[in-house]
Amino acid sequence: MIIDAAARSSSAAGSSFAGELFLGRRRRPKEALIQGFLIFCGVVSILTTVGIVVVLVEESLAFFLDPNVSLIDFFTTTAWQPKIGQFGIFPLLLATLLTSLIGMLIALPLGLAIAIYLSEYATPRARQTLKPVLEILAGVPTVVYGYFALNFITPILRGIFGRDVVEIFNMASAGLVIGILILPLVASMSEDALSAVPRGLREGAYALGATKFETAIKIVVPAALSGLGAAFIVAISRAVGETMVVAIAAGSGPRNFASWADAWRGLALFNPFASGETMTGHIVRISGGDLSYDSIDYDSIFSIALMLFVITLALNIISQWIVRRYRMRY
Amino acid sequence: MIEDGWTGGGYPEGSRLQSFVTGRQRTGQIWKTLFLGATMAGIIALFALLYNVIDDSFGFVAYQNKVAPEVLVSEYYGTQPVPEGVLSAGEVRLEALPTADQVAMLKGRVSAGRFRALEAQQPLADRSSAELAQLLTAEVIKPEIVAAWTLTESLFDRARIAAEAEKLSGARLDFRSWVTGSFLTSPQSSKPELAGVRTAIFGSLWVTLIAFVFSVPLGVGAAIYLEEYGGNSRLAQLIETNINNLAGVPSIIYGMLGLAVFVRVLEPLTSGKLFGVVDPTTANGRTVLSAGLTIGLLILPLIIINAREAIRAVPHALREAGYGLGATKWQTISAHVLPNAVPGILTGVILAISRALGETAPLVVVGASTFIVVDPNGPFAKFTTLPIQIYQWTARPQAEFQHLAAGAILVLLVLLLAMNATAILLRNKYARSY
């Protein structure tokens, strides 16, 4: 009856239905087209990942298939000097590890402390002033941090430890500034993790007579451990991938050793005040100069980049796994 | 009556309890101070950074002129009176000279070939007296900076600076801001006195524009797909994992991707040879277009993540209302969801652009020019950007270039501050509560 009434009213209004009412689903090609375009937009990100993997693997393969290069030497020799055919990644890897380690020594404790202060102790007004400061620190471009490392931190280090101990380009000041750079990331991710712990847990602890400090350390931090772990690993991944700070402040040549014995003598390989070049710094320096395609130099930077990509991808996957596995549900 | 003293196990009692509690509270206070100290350390780091940059951007410089301006003026006019306004308060103002005199001065002092070259660039008679004054300074007077000091030294250590300046023969001392109008408008130069950031700023703007045009439609489209159409399908989950992984990839890897794909494989497209608008002998793939596409790929995950948050924040009731009135899915999205999500999307886009402005490493890999004095004039031009200019100046050993780098850093920071302030203002203005 309703349908009849509708049909009559539509014919009365002079519509084209003229008594017939089509209630089936109208074909809308425009909708399908738009959906197709949106799917394409989403697929671009997959294409990007595929592109990265294909490009890195292809050029690295060209590098390793070159008769002058052996995969075993790549991992076991201690000098990286393409000009004389030495391709051991150890010096670059060591410099990356050293600078990232120094950065983590600064950023992890300080970041966690800032996060605990912001989530447990700070008044809302203090939090309102402090969080923008952290955001500003996070927004400063890395090349500015590189300038800061070379012109401010290095003179201070040379003043404290002596000019003959600390070289002008050294890994310690680069590591320090990487720590400052990572600090806002650690602080904000840790603070998110700590704030996600329900208040009930804290209240329970206070009710049992715990001080604020004891609650924070014994109750809140263990409860937020998965988020904190993820934050730390993301920070390590960022420190490993950092380029401009080390390119400016750490040095412009890999710190090569003649042999493993040389490296371990006097623990010279762990000296942070020496200059060194990380994997990322090396890539930037080589590609900033004249680079002819298909030369061994061109292929070699792709092998370094592949290693870098694998390391950061592994770290990111581990951090996601930690969150999934250890997340506590309240 | 509870005895004083600890029974050896369990919770302390009596007066021992008092000292136990006090001890714990004191530990808590000490740690609270340490946590506060850590926060202060972060703030101090930020201020140290700003202090360092501002300190190096202003200060006294000692410079020597090849030809002193007073000598130039007096030699030209001889016994005739010098026009008004030129010699005032012990300073020579070349821009107050009449243009005809300036051209004659220039002609008398530079080589014939150089004069012809300058004339060919733009007829000298047509140039303004300010331009001619600049030309006279660059070609004839040729000031050369021999020493430079920082702001704190200039403010607090004048005596030492004056003593050092005395030792340099014929050097004049002048307080100089390294960030001046001419710094912003001059092109790159190998001489620190004349160098400016104009080419770098234009390069940055071009690259950012191309990145914006490339990545904003794609990013917003992908976000719409993930939020509205994707649901829990396998494709949507794959895309989401991809984006999370891509957001964590170091920026230099994007540079390698750009180098291999945009600069090398797509060279006919990115160099402009395909369109026939460039000279095939000098064109290569290291152009603004390659750089813009690379940076676009870099900021794509950021835009997608932020746009998703913005779209997710639009309440379901709006969508349901649209469907209830018979709108199709796309009609609901385009007419209801998107307009309400625009402020959030805009904030995300501005944050992504800020990130794009500060990127250095991927652009060095893609092939920014190391020395370029011509402004980019299209998507197929060679380029350099502001952060790369800062990197190159910082890498030079001379102190003057460190000061130039500090000035360029100030310009970059002001630009970023303006963008982020705009983002915050927009967010606050258009934030709606439902």
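**View 1. Helices H15 and H18 of chain B in contact.** In H15(B), the residues B:Pro343, B:Leu346, B:Thr347, B:Ile350, B:Leu351, B:Ile353, B:Ser354, B:Leu357 and B:Gly358 meet B:Leu415, B:Leu416, B:Met419, B:Asn420, B:Thr422, B:Ala423, B:Leu426, B:Arg427 and B:Tyr430 in H18(B), two residues being in contact if their C-beta atoms, placed from the backbone, lie within 7 Å. By class, this contact of H15(B) with H18(B) has 12 nonpolar, five polar and one charged residues (Ala, Val, Leu, Ile, Met, Phe, Trp, Tyr, Cys and Pro count as nonpolar, Asp, Glu, Lys and Arg as charged, and the others, Gly among them, as polar). Helix H15 spans residues 329–358 and helix H18 residues 399–430 of chain B, and they pack at an angle of about 170° with their axes 9 Å apart; helices (H or I, at least four residues) and strands (E, at least two) are DSSP runs, numbered from the N terminus. Axes are lines fitted to C-alpha atoms, for helices over the stretch in contact, and angles run from 0 to 180 degrees between N-to-C directions. H15(B) and H18(B) are therefore roughly antiparallel to each other (angles over 145 degrees).

The model is predicted, and local features need pLDDT of at least 70, side-chain atom pairs count only at pLDDT 80 or more, while totals for chains, interfaces and linings use all residues. Residues are numbered from 1 along each chain as its sequence is written, and chains are lettered from A and ligands numbered from 1 in the order in which they are written.

**View 2. The surroundings of B:Pro376.** B:Pro376 is found in the loop between helix H16 (361–366) and helix H17 (386–394) of chain B. With 23 C-beta neighbours inside 10 Å, B:Pro376 counts as buried (20 or more other C-beta atoms within 10 Å of its own). Leaving aside neighbours within four places in sequence, B:Pro376 is in contact with B:Phe202, B:Gly203, B:Trp206, B:Val288, B:Ala381 and B:Phe383. The C-alpha atoms of B:Pro376 and B:Leu205 are separated by 9.9 Å, although the two residues are 171 residues apart along the chain.

**View 3. The side of chain A that touches chain B.** The contact takes 67 residues from chain A and 67 residues from chain B. On the side of chain A, the largest share, 18 residues, comes from helix H2 (residues 29–64) of chain A. By class, that side has 43 nonpolar, 19 polar and five charged residues.

**View 4. Residues 10–15 of chain A.** Over this stretch pLDDT stays under 50, and the model has six contacts beyond four places in sequence for these residues; pLDDT is the predictor's confidence in each residue, from 0 to 100.

Note on methods
Angles under 35 degrees count as roughly parallel, over 145 as roughly antiparallel, 65 to 115 as roughly perpendicular and the rest as oblique. A residue is buried if 20 or more other C-beta atoms lie within 10 Å of its own, exposed if 12 or fewer, and partly exposed in between; C-beta atoms are placed from the backbone.
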